[in-house]
Amino acid sequence: MRLLSVTLFLALAALLAPAPASARTAADFEGAVHAATNVVRVDHDLEKLRKKGCVDRFANRQAKKMAAKGEMFHQDLGPVMDKCGLSLVGENVAFGFTKAGTLLKAWMDSPGHRANILDARYRQLGVGARKSDEGTWYVAQVFGRK
């Protein structure tokens, strides 16, 4: 399991609620990651992030691209800002996780990922999850603020 760090804004620790069962469908995994992210934010007295179509489409495209290539990488966030009309954008990516709770714990243990999850300025969240032909899950979170 590997993670790729993003920008640093905050540094706070968190414990997660029990992890949901292993991912069976992309939609289930995405929903579980979104819910687990909001549990962490609420535990830190932050607003829940709303699912928004534009950032969700970019998260899904990123997860699909990573799964198709069998590698993890970040997308250029400039087009996300422009096409979604955002003033702030961030991204977390990962691969090899099968449970949302385990993935969120790993992200929270990484300063850059935790910074994105706990950035009080974000209001939107898109989550994409796709399985590669080899059966490995690739996940992308795209955070945004208008």
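The model is predicted, and its residues are discussed here by topic. It holds 1 disulfide, and the count of salt bridges comes to 5.

**Threonine T37 and its surroundings**

- T37 has its place in helix 1, which covers residues 26-43, and with a relative accessible area of 0% this residue is buried, because buried means under 20%.
- Leaving aside residues up to four places away in sequence, T37 touches L49, L104, I117, L125 and Q141.

**The disulfide**

- The disulfide is formed by C54 and C84, whose sulfur atoms are 2.0 Å apart.
- Since C54 lies in helix 2 (residues 53-69) and C84 lies in helix 3 (residues 78-84), the pair ties together parts that are 30 residues apart in sequence.
- The link of C54 and C84 is left-handed, with -85° about the S-S bond, and both C54 and C84 are buried.

- The side chains of E47 and R123 meet in a salt bridge, with a distance of 3.5 Å from N to O.
- This pair links distant parts of the chain, 76 residues apart, with E47 in the loop between helix 1 and strand 2 (50-51) and R123 in the loop between helix 5 (111-117) and strand 4 (124-131).
- E47 has 43% relative accessibility and therefore counts as partly exposed, a class that lies between under 20% and over 50%.

**Two further salt bridges**

- K51 forms a salt bridge with D56, and the closest N and O atoms of this pair are 3.8 Å apart.
- D119 forms a salt bridge with R121, in which the closest N and O atoms are 2.8 Å apart.
- In this pair D119 is buried, with a relative accessible area of 3%, while R121 counts as partly exposed at 37% relative accessibility.

Note on methods
Residues are numbered from 1 along each chain as its sequence is written. This is a predicted model: local features need pLDDT of at least 70, side-chain atom pairs count only at pLDDT 80 or more; totals for chains, interfaces and linings use all residues. Side-chain values use heavy atoms; hydrogens and water are left out. Helices (H or I, at least four residues) and strands (E, at least two) are DSSP runs, numbered from the N terminus. Buried means under 20% relative accessible area, exposed over 50%, partly exposed in between (1.4 Å probe, protein chains only). Contact means heavy atoms within 4.5 Å. A disulfide is a pair of cysteine sulfur atoms within 2.5 Å. A salt bridge is a side-chain nitrogen of Lys or Arg within 4 Å of a carboxyl oxygen of Asp or Glu.
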